[in-house]
Every structure is written in C-alpha cells, then in structure tokens.
Amino acid sequence: MTSLFDPPSVISSELESPDSIPLAERQGLSLTDVTAYQAGSTPAIVEVEVSQPLTDKPTFKCELEIFASTFITIFLAELGDKTQLTTLLMSAESQSPWVVFAGASVALILTSLLGILLGRWLSTKIAPKTLEVSAGVLLLVIAAMLCCDILWS
C-alpha cells in the first residue's frame, strides 16, 4: 500500500490496478474523480472525490415513478378487457359485488405476482433487451394469430 506522498508512477499504477476499484465498490464507494499531480519537486498529491455510495436500490422518487408508470399502464390496459367484462357480469348475476371484487382482486394480484416472479427470473437468464424484443415478437405473433382467426372464420 502506498501513501498519498509516494511518486506519481507508484500511485497511478496502484489506481489502475484491477483490484483497487472493485475493492472501493465493495466498500460502497463510488470514485468519481481521481487526479494525481506533481508540483515541481514536491511529492505527488492524490485527490479523490467520493460521491454517494453505490447501490442497486432505486431512490424513493424513482420507485414512485415506477409505481405510477405501472399503475397507469395496467389501469389503461385493463379498461374494457375481458376480465373487467367478466367481473361486471359476475357481479350482476351474483348480487354480491363485494365478494366478486374480493375474488377478482386476489386473482389479479396472484397473476401479477406470477408475472413479476417470472420476469425477475427471466431477467437473470436473458439480457433485458433480448427479453424486450422477445416479448414484442410474441405479442406480434399473438396479434397475427388473432387476425388470421378473424379473417378465416
């Protein structure tokens, strides 16, 4: 280990070592600016600015944006779909709207949980861009099948 007052060549070789940055990251530090300079014959001085700790957890604002985006997308996608029409009919037939609401809510929560768990697992196995393209292609195939079914029936 070198001190801050060692010659620049020693410091720069230590900073460029592959083990120095991962160690700082493992300690939760993000190195944003490392500068080494030598003024005349004085020893080198190293300045290191440490920004916020590295975390994978989104901030509250980021989580709120994710929540709002998810809510709006799912809410708009579910308006007028077969699930909503089914719950409407079941509620009208059963005369127990709160029981239908509870059953539909639990079913939607569990199907959402299944989608989230499957998506989380797939994201560890497949690159996000590949997963996004695959989902798009799958939706296009389903749309084409539905169009063919309508046209040839």
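Trainee: Phe71 and Phe75 sit four residues apart in helix 3, so they are separated by about one helical turn. What kind of structure is this, predicted or experimental?

Mentor: The model is predicted.

Trainee: OK. How many aromatic pairs does a search of the whole structure find?

Mentor: Three aromatic pairs turn up in the whole structure. One of them is formed by Phe67 and Phe71, which are stacked, with 6.4 Å centre to centre and 15 degrees between the planes.

Trainee: How far apart are Phe67 and Phe71 along helix 3?

Mentor: Four residues, so about one helical turn separates Phe67 from Phe71. In an α-helix there are 3.6 residues a turn, so residues three or four places apart point the same way.

Trainee: Is Phe67 buried or exposed?

Mentor: Phe67 counts as exposed, because its relative accessibility is 56%. Phe71 has 48% and counts as partly exposed.

Trainee: And how are the rings of Phe71 and Phe75 arranged?

Mentor: Their centres are 5.6 Å apart and their planes are at 15 degrees, so Phe71 and Phe75 are stacked. The cut-off for stacked is planes under 30 degrees apart. Phe75 is partly exposed, with a relative accessible area of 45%.

Trainee: What do the ring pairs link together?

Mentor: A cluster of Phe67, Phe71 and Phe75.

Trainee: Changing topic. What volume does the largest pocket have?

Mentor: About 510 Å³ for the largest pocket. It is lined by 16 residues, and the closest to its centre are Ile74, Glu78, Thr83, Ala104 and Leu108.

Trainee: Which helices supply at least two residues of that lining?

Mentor: Helix 3 (60-78), helix 4 (82-94) and helix 5 (97-125) each do. Helix 5 gives the largest share of the lining, eight residues.

Trainee: How does the lining divide into nonpolar, polar and charged?

Mentor: Eight residues of the lining are nonpolar, six are polar and two are charged.

Trainee: Back to helix 4. What span should its 13 residues have?

Mentor: At 1.5 Å a residue they should span 18 Å, and the end C-alpha atoms of helix 4 are 18 Å apart, which agrees. The expected span uses one less than the number of residues.

Trainee: What comes just after helix 4?

Mentor: Gln95, with a positive phi of about 60 degrees. Gln95 takes that phi although it is not a glycine.

Trainee: Where does Gln95 lie, and is Gln95 buried or exposed?

Mentor: Gln95 lies in the loop between helix 4 and helix 5. Its relative accessibility is 64%, so Gln95 counts as exposed.

Trainee: Last topic. How many disulfides does the count come to?

Mentor: Zero disulfides. Cys147 is in none, and the nearest cysteine sulfur, that of Cys148, is 7.0 Å away. Cys148 is likewise in no disulfide, with the sulfur of Cys147 as the nearest cysteine sulfur, 7.0 Å away.

Trainee: What separation would count as a disulfide?

Mentor: The two cysteine sulfur atoms would have to lie within 2.5 Å.

Conventions:
Residues numbered from 1 in each chain as written. Predicted model: local features only at pLDDT ≥ 70, side-chain atom pairs only at ≥ 80, totals over all residues. Heavy atoms only, no water. 1 Å grid on protein atoms, 1.4 Å probe; cavity = no way out; pocket = protein on both sides within 12 Å on 5 of 7 lines; lining within 4 Å. Points joined across faces, edges and corners; volume = space filled by probe spheres on them. Nonpolar A, V, L, I, M, F, W, Y, C, P; charged D, E, K, R; others polar. Phe/Tyr/Trp six-rings, centres within 6.5 Å; stacked < 30°, edge-to-face > 60°. Buried < 20%, exposed > 50% of the residue type's maximum accessible area, 1.4 Å probe, protein only.
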